[in-house]
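Please have a look at the sequence and the structure first, and then read on.

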Amino acid sequence: MNTRSLRAVPLITAVIMILATACSISGSTTTATMAADRPEEPDITVAAIPAVDLVGLYIAQNEGLFAEQGLHVTIEKIASSQAIIAGQLKGQVDITAGSYVAYISAQAAGARFRILAEASVLGPGARALVTTANSPITTVAQLAGKKIGVNGTNSIGTLLVSSLLAEHGVSPRKVDFVTDADGFPAMPGKLEDGAWAAAFLAEPYITVAQEQYGDQVLADLDQGDTSNFPVDGYVATQAWAQKYPKTAAAFVRAIEEGQRIANSDGPAVQAAMARYDKLPRDVTAAMVLSVYPIGPVDETRIQRVAAAMLQFDMLGKQYATEVERGTLVESMVGPGS
């Protein structure tokens with residue numbers, strides 16, 4: 001008889017039992033952790049403008065990243081942030097994705113929003129002022145007295161173009177900003193029809209204007225004081241964020257993974273934009289991408305928006321102290337908001 005083998009049996013059995021117990025404990029811990037992190041409200045609606053600035057959102061949907069976090073997300077397309085703020089305050093949508101300008105204005109007026117995550121920072125070619133191929137306007141200075149199409153009233157477009165005009169010696173008061181309620185998808189066609197002398201466009205609609213109509217970029221808006229400018233973010237009311245903190249955290253985790261992919265995987269960006277904006281391959285292949293931040297919201301970066309809004313009278317002078325001290329933006333950032 002092999003006594004060594006017989007003695008080994010109880011030892012092996014003990015090891016197996018220990019491993020099994022450890023696996024059971026680990027599995028229970030993992031299950032408990034997953035249960036603790038489970039979103040309070042798994043079904044959410046996100047209202048978003050159709051632009052490459054928000055491709056982190058579209059990638060998260062396209063790649064199943066929201067589902068991995070236990071969320072079922074419905075994306076509702078909007079023309080601009082301004083178009084949905086009233087509805088968001090009434091609880092008609094859970095999260096909105098668009099330019100900070102509208103939210104900062106609403107916050108100053110008494111609304112209470114929280115920026116959950118940054119969506120994009122301006123990069124070369126991502127937002128531009130566009131004219132038709134045969135336009136007589138060849139310089140920014142020639143826009144004085146002309147109409148400029150924008151996707152939202154007192155929006156990021158108004159702000160970026162105002163800064164551009166000022167840097168070229170033209171007062172923003174000397175142009176007529178005209179809001180198109182249909183937003184970016186409709187604007188290249190209306191520019192071609194002569195609705196305005198120039199249009200503020202975001203990618204991929206700059207490329208659409210060039211590819212479909214032969215339009216030309218009069219000025220890239222990533223320059224001067226608005227170089228690397230913060231453009232869009234993901235925003236909830238503070239009441240919603242406080243009521244559903246796990247849902248908000250799950251949303252942010254999915255968005256951050258979508259942002260990582262957007263910063264490194266061109267084909268994933270093209271696939272997401274092609275699916276959600278129904279764009280042809282020649283447009284998605286040529287479109288210019290923005291920069292997609294990852295990590296905590298950068299308060300200093302968002303402060304640039306508030307300061308520019310004050311400079312160009314998009315915030316009343318009564319808010320100057322709040323803006324200059326940074327308390328207005330501070331009230332919109334972080335879990336303590």
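## The chain as a whole

A residue is called buried when its relative accessible area is under 20%, exposed when that value is over 50%, and partly exposed in between. Please keep in mind that the model is predicted.

The chain holds 15 helices and ten strands. How much of the contact set with a separation of 6 or more comes from residues 24 or more positions apart? Such pairs account for 80% of those contacts.

Strands of a sheet pair through backbone hydrogen bonds, in either a parallel or an antiparallel sense. Here, five strands make an open sheet with mixed pairing, and their order is β7-β6-β8-β5-β9. Which strands sit at the edges? They are β7 (176-179) and β9 (216-220), each of which pairs on one side only. From one strand to the next, the twist averages 35 degrees.

Strand β5, residues 127-131, pairs with β9 in the antiparallel sense over four bridges. V130 stands opposite V217 of β9. Helix α8, residues 205-213, packs on this sheet and touches β5, β8 (198-202) and β9. The direction of α8 makes about 125 degrees with that of β8.

## An enclosed helix

Is helix α5 mostly buried or exposed? Eight of the nine residues of α5 (residues 100-108) are buried, so this helix is largely enclosed by the rest of the structure. The buried set consists of Y100, V101, A102, Y103, I104, A106, Q107 and A108.

An α-helix has 3.6 residues a turn, so residues three or four places apart point the same way. After α5 comes G110, with a positive phi near 120 degrees.

## Backbone spots worth a look

Most residues other than glycine have a negative phi, and most peptide bonds are trans.

P204 belongs to the loop between β8 and α8.

N154 is not a glycine, yet its phi is positive at about 45 degrees. This residue is found in the loop between β6 (147-150) and α6 (156-167). N154 has a relative accessible area of 45%, so it counts as partly exposed. K278, also a residue other than glycine, has a positive phi near 55 degrees, and it lies in the loop between α11 (266-277) and α12 (281-286). The relative accessibility of K278 is 71%, so this residue counts as exposed.

How many cavities of 30 Å³ or more does the count give? The count comes to two. The largest cavity holds about 50 Å³ of space.

Which residues line the largest cavity? Its lining is made up of I49, S80, S81, Q82, S99, R127, N151, S155, I156 and D232. One of these, R127, is also part of strand β5 (residues 127-131), and I156 is part of helix α6 (156-167).

Definitions and conventions: Residues are numbered from 1 along each chain as its sequence is written. This is a predicted model: local features need pLDDT of at least 70, side-chain atom pairs count only at pLDDT 80 or more; totals for chains, interfaces and linings use all residues. Side-chain values use heavy atoms; hydrogens and water are left out. Buried means under 20% relative accessible area, exposed over 50%, partly exposed in between (1.4 Å probe, protein chains only). Helices (H or I, at least four residues) and strands (E, at least two) are DSSP runs, numbered from the N terminus. Two strands pair if DSSP finds at least two bridges between them. Axes are lines fitted to C-alpha atoms, for helices over the stretch in contact, and angles run from 0 to 180 degrees between N-to-C directions. Contact means heavy atoms within 4.5 Å. On a 1 Å grid over the protein atoms alone, a cavity is a set of points where a 1.4 Å probe fits but cannot get out, and a pocket is an open set with protein on both sides within 12 Å along at least five of seven lines; lining residues have an atom within 4 Å of a point. Grid points are joined across faces, edges and corners, and a volume is the space filled by probe spheres set on the points.
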